[in-house]
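I opened the notebook for a quick look at this fold. Here is what I looked up, entry by entry.

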Amino acid sequence: MDGTAIILCEGNLTQPTGKTAHGLIRGTERYRILGVIDSENAGKDAGLVLDKKPNGIPIFKNLETAIENLGGKPDYLVFGIAPDGGMLPEELKPAIITALQLGINVDCGLHQPLGDDAELAEAARVSGATIRDVRKCKPVSELHFFEGKIEQVESIRIAILGTDSAIGKRTTAKILLDSLRDNGISTEMVGTGQTAWFQGIPYCMLMDATINDFVAGEIEHAVFEAWKNKKPKVILIEGQGCLTNPAYPGGFEILAAARPHAVIMQHAPKRKVYDGFPDYPLAGLEKEIKLVEMLSNKPVMAVTINHESMDETEVENCIKEYELKYSLPVCDVLLDGADKIIKELENRFPEVTK
């Protein structure tokens, strides 16, 4: 664990753009989360706001209020927002400057490197704080090209893909990871975005911070390293975007490079357009399933629901409808857990329990 942290998520905690904060609130092995900054929900419990389940993480109006109430400053301020395009909203820059001036380290997953900003870099230099831009492109010398060593990996590989970006693929993967381990099935997860890195997933590659020619190789390398070091029965691969997304079609590389044995499909039934692109209607669950199975020649083994804009009765009815229509197990892992998926995994791949 790197240290204590406060998450900066001003104005975005209840939005899909707050997904980095959501992941950290739900669990991280990299930091001990002390609180969240979001003036819209100040005074509330972050778990209660996010999942209707209190988890003891308070929400503060600003950094100064957080430090005052906590009785001291955290080791890190983590930028918890993932805006379209990955650029720093100008209105949030003062909070980052304040943190650096106080000697608080800043971790950020934007495409815009904060360390390249002269004002932020100077504030860090004066106070001795550090800026970690985790989404900064690696030098080519550190990248891996696809080699075909994925064929040596003996673990059952399951990709968690979806019908859009910011739809809950990583959340489902992390819940499934913990549930499989709780059931005695050795499992590792390969993260493909900055939030997985922030959560402390040890095998990560940041897909959208990687030169295109090396994306497949970096995915393969992360999966191979997880197998080589841990020899798990199962390896879960976090999806990015979706096959039909106009801006983030990241699922292609995952299918090509990780060569999963099966896919779990994450879907938000009430979502009609791609996140951030209101003029582009969602292709939808049925088309996405057909595309995945055509491209990979492997099955979609389950559907997981994102219950945004749905009440529990709507979720229950949707699960029944989808199970009848697709003849697949369907569940909402945030509401119901991952037992259905684990049972299906054991039925399809009995070797995972040997």
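Which strands does helix α6 lie across? I found that α6 (residues 169-182) lies across β7 (156-162), β8, β10 (234-238), β11 (262-267) and β14 (300-305), and it runs at about 165 degrees to β8. Helices (H or I, at least four residues) and strands (E, at least two) are DSSP runs, numbered from the N terminus. Contact means heavy atoms within 4.5 Å; axes are lines fitted to C-alpha atoms, for helices over the stretch in contact, and angles run from 0 to 180 degrees between N-to-C directions.

A note on the source: this is a predicted model, where local features need pLDDT of at least 70, side-chain atom pairs count only at pLDDT 80 or more, and totals for chains, interfaces and linings use all residues. Residues are numbered from 1 along each chain as its sequence is written, and side-chain values use heavy atoms, leaving out hydrogens and water.

Next I checked helix α9 (residues 251-258), which lies across β7, β10 and β11 and runs at about 170 degrees to β7.

Then I traced the open sheet: seven strands in the order β9-β8-β10-β7-β11-β14-β15, with parallel pairing (two strands pair if DSSP finds at least two bridges between them). Its edge strands, β9 (203-204) and β15 (330-331), each pair on one side only. I saw that β8 (residues 187-191) and β9 pair in the parallel sense over two bridges, and Val 190 has Tyr 203 in β9 as its bridge partner.
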